[in-house]
Amino acid sequence: MSEVLTPESPRWNEFVDALDQAGRAGGCHHDHRLAKRVMTEMGNIDIEESLVFFESRGGFCDCEILINVDPGFWGGAGKAMSKDELSEAAASAEAAGIEPVIGSKRIH
Ligand SMILES: [Zn+2]
């Protein structure tokens, strides 16, 4: 049985980590190619339904999935980030070719 990935999924962190790594390596291509590859490699995931879910949460490309769909990517919803966490998040975004603007909804 295949699973739709959401932030509540037990494998969500595994997905986000792999997507983050893939983004750092090649940057975002303004589509879902990295997310599709990661989900394919993870296996047992309903890729089409997961992408529909991502788009419903503002994840229209790989970097937007990290920023808009993952409530923990910027340090957790509603939780203030420490200076170290902020600079780490900014460095991570920069490495992935993302403009590190917190609160931004559309990247492209
Ligand atoms: Zn993107």
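Two conventions come before the description. Residues carry numbers that start from 1 along each chain as its sequence is written. The model is predicted, and local features need pLDDT of at least 70, side-chain atom pairs count only at pLDDT 80 or more, and totals for chains, interfaces and linings use all residues.

I begin with the overall composition. The protein contains five helices and zero strands, and from the N terminus on its elements run α-α-α-α-α. Helices here (H or I, at least four residues) and strands (E, at least two) are DSSP runs, numbered from the N terminus. Of the 108 residues of the protein, 28% count as buried. A residue is buried if 20 or more other C-beta atoms lie within 10 Å of its own, exposed if 12 or fewer, and partly exposed in between, with C-beta atoms placed from the backbone. Among contacts in the protein with a separation of 6 or more, 58% come from residues 24 or more positions apart. Two residues are in contact if their C-beta atoms, placed from the backbone, lie within 7 Å.

Let me turn to the helix packing. How do α1 and α2 pack? Helix α1, residues 12–26, and helix α2, residues 33–42, pack at an angle of about 130 degrees, and their axes are 9 Å apart. Axes are lines fitted to C-alpha atoms, for helices over the stretch in contact, and angles run from 0 to 180 degrees between N-to-C directions. The two helices, α1 and α2, are therefore oblique to each other. In this scheme, angles under 35 degrees count as roughly parallel, over 145 as roughly antiparallel, 65 to 115 as roughly perpendicular and the rest as oblique. The crossing in which α1 passes α2 is right-handed. A crossing is left-handed if the near helix is turned anticlockwise from the far one by less than a right angle, and right-handed if clockwise.

On the α1 side, the contact is made by Glu14, Phe15, Ala18, Leu19, Ala22 and Gly23, and on the α2 side by Leu34, Ala35, Arg37, Val38 and Met42. By class, this contact of α1 with α2 has eight nonpolar, one polar and two charged residues. Ala, Val, Leu, Ile, Met, Phe, Trp, Tyr, Cys and Pro count as nonpolar, Asp, Glu, Lys and Arg as charged, and the others, Gly among them, as polar.

The axes of α1 and α4 come within 10 Å and cross at roughly 135 degrees. These helices, α1 and α4, are therefore also oblique to each other, and their crossing is left-handed. Val16, Leu19, Asp20 and Gly23 in α1 meet Asp62, Cys63, Ile65 and Leu66 in α4. The residues of this contact of α1 with α4 divide into five nonpolar, one polar and two charged.

I come now to the core. Which residues of the largest nonpolar core touch the most other members? Of its 16 residues, they are Leu19, Ala35, Val38, Met39, Cys63, Ile65 and Leu66. A nonpolar core is a set of buried Ala, Val, Leu, Ile, Met, Phe, Trp, Tyr and Cys residues joined through C-beta atoms within 7 Å. Helices α1, α2 and α4 (62–69) each supply at least two residues of this core, and the largest share, five residues, comes from α4.

Leaving aside neighbours within four places in sequence, Ile65 is in contact with Leu19, Ala35, Phe54 and Gly59. Cys63 lies in helix α4 and is buried, because 24 other C-beta atoms lie within 10 Å. Cys63 and Gly27 are 36 residues apart in sequence and 8.3 Å apart in space, C-alpha to C-alpha.

The loops follow. Beyond four places in sequence, Ile45 is in contact with Ser2, Glu3, Leu5, Met39 and Ser50.

Asn44 lies in the loop between α2 and α3 and has a positive phi of about 55 degrees although it is not a glycine. Asn44 is exposed, because 9 other C-beta atoms lie within 10 Å. His30, in the loop between α1 and α2, has a positive phi of about 65 degrees and is not a glycine. With 13 other C-beta atoms within 10 Å, His30 is partly exposed.
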